[in-house]
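Visitor: I am new to this structure and would like a close look at a single part of it. Please take the charged side chains and how they pair.

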Amino acid sequence: MRTMISTGKAGSWAGWHKAVGLPLLALFLAVPPTSAQGRRAIRFERLSTDQGLSQSTVMCALQDSRGFMWFGTEAGLNRYDGRTVTVYSHDIHDPDSLPNDFVWGLAEDAAGDLWVATQGGGLARWDSQTDHFVRYPFD
(Lines give C-alpha, C1' and ligand atoms only; values in the text may rest on other atoms or scores of the structure.)
Protein backbone atom coordinates (compact mmCIF):
# COMPACT_ATOMS: atom_id res chain seq x y z
CA MET A 1 0.00 0.00 0.00
CA ARG A 2 1.33 3.41 -0.93
CA THR A 3 1.15 6.02 1.77
CA MET A 4 1.02 9.77 1.71
CA ILE A 5 3.06 12.65 2.97
CA SER A 6 1.18 14.30 5.79
CA THR A 7 1.98 16.55 8.68
CA GLY A 8 -0.40 14.90 11.11
CA LYS A 9 -1.31 18.18 12.77
CA ALA A 10 -2.55 21.38 11.25
CA GLY A 11 -0.34 23.43 13.56
CA SER A 12 2.88 21.74 12.50
CA TRP A 13 1.97 22.16 8.83
CA ALA A 14 1.19 25.83 9.36
CA GLY A 15 4.63 26.41 10.89
CA TRP A 16 6.34 24.58 8.05
CA HIS A 17 4.75 26.44 5.19
CA LYS A 18 5.22 29.80 6.90
CA ALA A 19 8.94 29.06 7.06
CA VAL A 20 9.12 27.91 3.45
CA GLY A 21 6.77 30.54 2.09
CA LEU A 22 3.76 29.00 0.36
CA PRO A 23 2.08 29.30 -2.15
CA LEU A 24 5.20 27.80 -3.73
CA LEU A 25 4.69 24.07 -4.06
CA ALA A 26 7.51 22.00 -5.51
CA LEU A 27 6.84 18.63 -7.05
CA PHE A 28 9.59 16.06 -7.00
CA LEU A 29 9.39 14.23 -10.28
CA ALA A 30 12.15 11.67 -10.72
CA VAL A 31 13.45 10.98 -14.21
CA PRO A 32 15.38 7.94 -15.45
CA PRO A 33 19.03 7.57 -14.46
CA THR A 34 21.33 9.93 -16.33
CA SER A 35 24.55 7.93 -16.13
CA ALA A 36 25.94 4.46 -15.79
CA GLN A 37 26.45 5.05 -12.05
CA GLY A 38 22.67 5.13 -11.64
CA ARG A 39 22.45 8.76 -10.57
CA ARG A 40 19.00 10.21 -10.92
CA ALA A 41 18.27 13.75 -11.94
CA ILE A 42 15.43 15.41 -10.08
CA ARG A 43 13.22 17.97 -11.74
CA PHE A 44 11.29 20.51 -9.70
CA GLU A 45 8.11 22.00 -11.01
CA ARG A 46 5.96 24.73 -9.51
CA LEU A 47 2.28 23.98 -9.13
CA SER A 48 -0.05 26.62 -7.72
CA THR A 49 -3.59 27.91 -8.01
CA ASP A 50 -2.50 29.58 -11.26
CA GLN A 51 -2.17 26.08 -12.79
CA GLY A 52 -5.52 24.93 -11.37
CA LEU A 53 -4.73 23.72 -7.84
CA SER A 54 -7.89 24.28 -5.77
CA GLN A 55 -5.98 25.86 -2.89
CA SER A 56 -2.36 26.64 -2.03
CA THR A 57 -2.52 24.94 1.38
CA VAL A 58 -1.82 21.26 0.79
CA MET A 59 -2.59 18.96 3.73
CA CYS A 60 -1.29 15.72 2.16
CA ALA A 61 0.23 14.42 -1.07
CA LEU A 62 0.61 11.03 -2.76
CA GLN A 63 2.04 9.74 -6.03
CA ASP A 64 -0.05 6.75 -7.11
CA SER A 65 1.02 3.65 -9.03
CA ARG A 66 0.00 5.27 -12.34
CA GLY A 67 2.25 8.29 -11.70
CA PHE A 68 -0.51 10.78 -10.87
CA MET A 69 0.20 13.23 -8.07
CA TRP A 70 -2.69 13.71 -5.64
CA PHE A 71 -2.99 16.68 -3.28
CA GLY A 72 -5.49 16.97 -0.45
CA THR A 73 -6.43 20.53 0.45
CA GLU A 74 -9.05 22.35 2.47
CA ALA A 75 -10.84 22.97 -0.85
CA GLY A 76 -10.96 19.48 -2.35
CA LEU A 77 -8.83 16.70 -3.79
CA ASN A 78 -6.55 17.53 -6.73
CA ARG A 79 -5.10 15.08 -9.29
CA TYR A 80 -2.14 16.27 -11.35
CA ASP A 81 -1.13 14.34 -14.48
CA GLY A 82 1.94 16.42 -15.31
CA ARG A 83 -0.01 18.92 -17.41
CA THR A 84 -3.44 19.56 -15.93
CA VAL A 85 -5.10 19.51 -12.52
CA THR A 86 -8.45 17.79 -11.99
CA VAL A 87 -10.28 18.94 -8.85
CA TYR A 88 -12.68 16.63 -7.02
CA SER A 89 -15.01 18.36 -4.58
CA HIS A 90 -18.10 17.75 -2.49
CA ASP A 91 -21.46 18.13 -4.23
CA ILE A 92 -24.45 17.94 -1.88
CA HIS A 93 -26.61 16.61 -4.75
CA ASP A 94 -24.17 13.91 -5.89
CA PRO A 95 -23.75 10.86 -3.61
CA ASP A 96 -20.74 9.74 -5.72
CA SER A 97 -18.79 12.94 -4.99
CA LEU A 98 -16.19 13.56 -2.30
CA PRO A 99 -17.97 13.55 1.12
CA ASN A 100 -16.21 16.73 2.31
CA ASP A 101 -13.79 19.19 0.69
CA PHE A 102 -11.31 19.19 3.59
CA VAL A 103 -8.92 16.29 2.85
CA TRP A 104 -6.56 15.18 5.62
CA GLY A 105 -5.01 11.99 4.32
CA LEU A 106 -4.49 9.74 1.29
CA ALA A 107 -3.51 6.11 0.70
CA GLU A 108 -3.58 3.80 -2.32
CA ASP A 109 -4.63 0.15 -2.04
CA ALA A 110 -3.41 -2.85 -4.07
CA ALA A 111 -6.28 -2.43 -6.56
CA GLY A 112 -5.16 1.11 -7.38
CA ASP A 113 -8.07 2.74 -5.59
CA LEU A 114 -7.41 5.86 -3.53
CA TRP A 115 -8.59 6.12 0.08
CA VAL A 116 -9.37 9.65 1.19
CA ALA A 117 -9.73 10.81 4.81
CA THR A 118 -11.89 13.92 5.11
CA GLN A 119 -12.75 16.21 7.99
CA GLY A 120 -16.35 15.68 9.02
CA GLY A 121 -17.23 13.55 5.99
CA GLY A 122 -15.58 10.30 7.00
CA LEU A 123 -13.59 8.09 4.68
CA ALA A 124 -14.07 7.73 0.93
CA ARG A 125 -12.69 5.34 -1.66
CA TRP A 126 -12.07 6.72 -5.13
CA ASP A 127 -12.82 3.92 -7.57
CA SER A 128 -10.22 4.15 -10.34
CA GLN A 129 -12.46 2.21 -12.76
CA THR A 130 -15.52 4.47 -12.43
CA ASP A 131 -13.91 7.77 -11.35
CA HIS A 132 -16.47 8.00 -8.51
CA PHE A 133 -16.27 7.98 -4.73
CA VAL A 134 -17.80 5.44 -2.35
CA ARG A 135 -18.47 7.02 1.04
CA TYR A 136 -17.84 5.41 4.41
CA PRO A 137 -19.22 7.92 6.95
CA PHE A 138 -18.30 7.81 10.62
CA ASP A 139 -21.08 6.71 12.97
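Visitor: Which residue forms a salt bridge with E108, and how far apart are the closest N and O atoms?

Guide: A word on the source before the details: this is a predicted model. The partner of E108 is R66, and the closest N and O atoms of this salt bridge are 3.9 Å apart.

E108 has a relative accessible area of 2%, so E108 is buried. R66 has 41% relative accessibility and therefore counts as partly exposed; the cut-offs are under 20% for buried and over 50% for exposed.

R66 has another partner to consider. The side chain of D64 also meets R66 in a salt bridge, with an N to O distance of 3.6 Å. D64 counts as buried because its relative accessibility is 4%, a value under the 20% cut-off.

A further salt bridge joins D113 and R125, whose closest N and O atoms are 3.0 Å apart. This pair links distant parts of the chain, 12 residues apart: D113 is in the loop between β9 and β10 (114–118), and R125 is in strand β11, residues 122–127. D113 is buried, because its relative accessible area is 9%. R125 is buried too, with a relative accessible area of 16%. In total, the count comes to four salt bridges, among them the pairs D64 with R66, E108 with R66 and D113 with R125.

For contrast with the charged pairs, consider some nonpolar side chains. L123, V134 and Y136 form a nonpolar patch on the surface, and together they have about 210 Å² of accessible area. Y136 is found in strand β12, which spans residues 132–136. With 36% relative accessibility, Y136 counts as partly exposed.

Key. Residues numbered from 1 in each chain as written. Predicted model: local features only at pLDDT ≥ 70, side-chain atom pairs only at ≥ 80, totals over all residues. Heavy atoms only, no water. Buried < 20%, exposed > 50% of the residue type's maximum accessible area, 1.4 Å probe, protein only. Helix = DSSP H or I, 4+ residues; strand = E, 2+ residues; numbered from the N terminus. Patch = residues over 30% accessible without salt bridge, like charges linked within 9 Å, V, L, I, M, F, W, Y side chains within 5 Å. Areas by Shrake-Rupley, 256 points an atom, 1.4 Å probe, with all protein chains shown as cover.
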